[in-house]
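Here's a quick tour of a model, with the cut-offs spelled out as they come up. Have the structure open alongside while you read.

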Amino acid sequence: MIVNSSEPVTLVGGADLNSDDLTIAMGLAPKVVAADSGANKLLSAGVAPDAIYGDMDSISDAARAAFADRIHQIDRQDTTDLEKVLDRVAAPAFVAIGFLGQRLDHTFAALRAAAVRPGCHVVFLGSDDAVCVIRDRSLRIEMPVGAGVGVLPLGAAEVQSKGLKWELEGAELALDGLISSSNAAVAGSVSFDVTGAVAVTVPRALLPNVLAGVLEK
């Protein structure tokens with residue numbers, strides 16, 4: 001089964017959620033898809049997903065029973081549950097909750113899943129940040145002056161920025177080289193032109209602004 005949506009879709013993983021994460025995400029992206037144990041979070045919140053994808057090694061018996069007609073089990077072990085979702089849901093953008101924090105390897109795997117899929121636009125909501133994965137594209141985000149910004153390479157990347165305290169002027173970024181942490185906005189909008197893949201981090205309150213930037217033509 002492939003889920004097709006003309007509007008952004010909320011993706012729910014099994015990592016810890018803030019109490020308001022689901023409300024915030026669904027306010028921007030009402031259609032909901034779970035990755036494996038993300039279904040447990042939705043059952044606790046009283047929200048029925050449109051679909052659940054994964055190898056189903058972490059879903060609870062209660063969630064399996066409640067959402068039996070929405071489960072699509074994929075037994076492959078060479079892809080993560082998030083990858084299984086992204087390969088089967090078509091949408092202009094995704095708001096992903098329950099994928100950051102807890103295990104660092106899971107966080108890296110989630111960021112990689114978005115980075116290696118050209119044209120797949122994922123904005124992750126964490127406990128403190130909204131994290132947008134950009135690959136070979138431009139992005140403009142409206143934000144207040146002084147807002148914290150990070151630009152973290154997910155492999156080799158070249159970045160041209162406008163509106164940062166420490167501009168990236170065709171800078172070549174890499175995990176074992178230059179990264180841009182603890183940067184800040186000095187204008188009402190910040191733009192990025194990226195070759196390669198990076199994760200742009202901003203305060204979580206700016207999630208709607210990031211999503212608007214992602215959807216901007």
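Start with alanine 66, which is partly exposed at a relative accessible area of 44%; here buried means under 20% relative accessible area, exposed over 50%, and partly exposed in between, using a 1.4 Å probe and protein chains only. Alanine 66 belongs to helix α3, residues 61–66. Helices (H or I, at least four residues) and strands (E, at least two) are DSSP runs, numbered from the N terminus. Alanine 48 is 18 residues away along the chain, yet the two C-alpha atoms are 8.7 Å apart.

Before going further, the ground rules. This is a predicted model, where local features need pLDDT of at least 70 and side-chain atom pairs count only at pLDDT 80 or more, while totals for chains, interfaces and linings use all residues. Residues are numbered from 1 along each chain as its sequence is written, and side-chain values use heavy atoms, with hydrogens and water left out.

**Sheets and strand pairs**

An open sheet is built from three strands in the order β3-β4-β5, with parallel pairing. Its edge strands are β3 (31–35) and β5 (71–73), each pairing on one side only. On average, neighbouring strands of this sheet are turned by 20 degrees against each other, direction ignored. Axes are lines fitted to C-alpha atoms, for helices over the stretch in contact, and angles run from 0 to 180 degrees between N-to-C directions. Helix α2 (residues 38–45) packs on the sheet and touches β3 and β4, and its direction makes about 130 degrees with that of β3. Contact means heavy atoms within 4.5 Å.

Two strands count as paired if DSSP finds at least two bridges between them.

| Strand pair | Sense | Bridges |
|---|---|---|
| β3 and β4 (residues 51–54) | parallel | three |
| β2 (residues 9–12) and β7 | parallel | four |
| β7 and β8 | parallel | four |
| β10 (residues 148–162) and β11 (residues 169–173) | antiparallel | four |

Valine 95 of β7 turns up in two of these pairings: threonine 10 stands opposite valine 95, and valine 95 stands opposite valine 123 in β8. How are the faces of β7 placed, covered or open? Both are covered, with Phe94 and Ala96 buried on one side and Val95 and Ile97 buried on the other.

β10 and β11 form a hairpin with six residues between them, and glycine 163 in the turn has a positive phi of about 110 degrees.

**Helix α5 and its surroundings**

α5 has twelve residues and spans 17 Å from its first C-alpha to its last, close to the 16 Å expected at 1.5 Å a residue; that expected span is 1.5 Å times one less than the number of residues. Thr107, Ala110, Leu111, Ala113, Ala114 and Ala115 of α5 are buried. Their cover includes α4 (81–86), β8, β9 (129–142), β10 and β13 (189–203).

Arginine 117 sits in the loop between α5 (104–115) and β8 (122–125). Why does arginine 117 count as buried? Because its relative accessibility is 14%. The side chain of arginine 117 makes a polar contact with the side chain of aspartate 87 at 2.8 Å. A polar contact is a pair of N or O atoms within 3.5 Å; within protein, one must be able to donate a hydrogen and the other to accept it, and residues adjacent in sequence count only if both atoms are side-chain atoms. Leaving aside neighbours within four places in sequence, arginine 117 is in contact with Glu83, Leu86 and Asp87.

**Cores**

A nonpolar core is a set of buried Ala, Val, Leu, Ile, Met, Phe, Trp, Tyr and Cys residues joined through side-chain atoms within 4.5 Å. The largest has 47 residues, of which Met143 and Phe192 touch the most other members. β13 gives the most to this core, with six residues. Apart from it lies another core of 29 residues, including Leu11, Leu86, Leu111 and Cys120.

Most residues other than glycine have a negative phi. Glutamine 102 has a positive phi near 55 degrees and is exposed at 56%.
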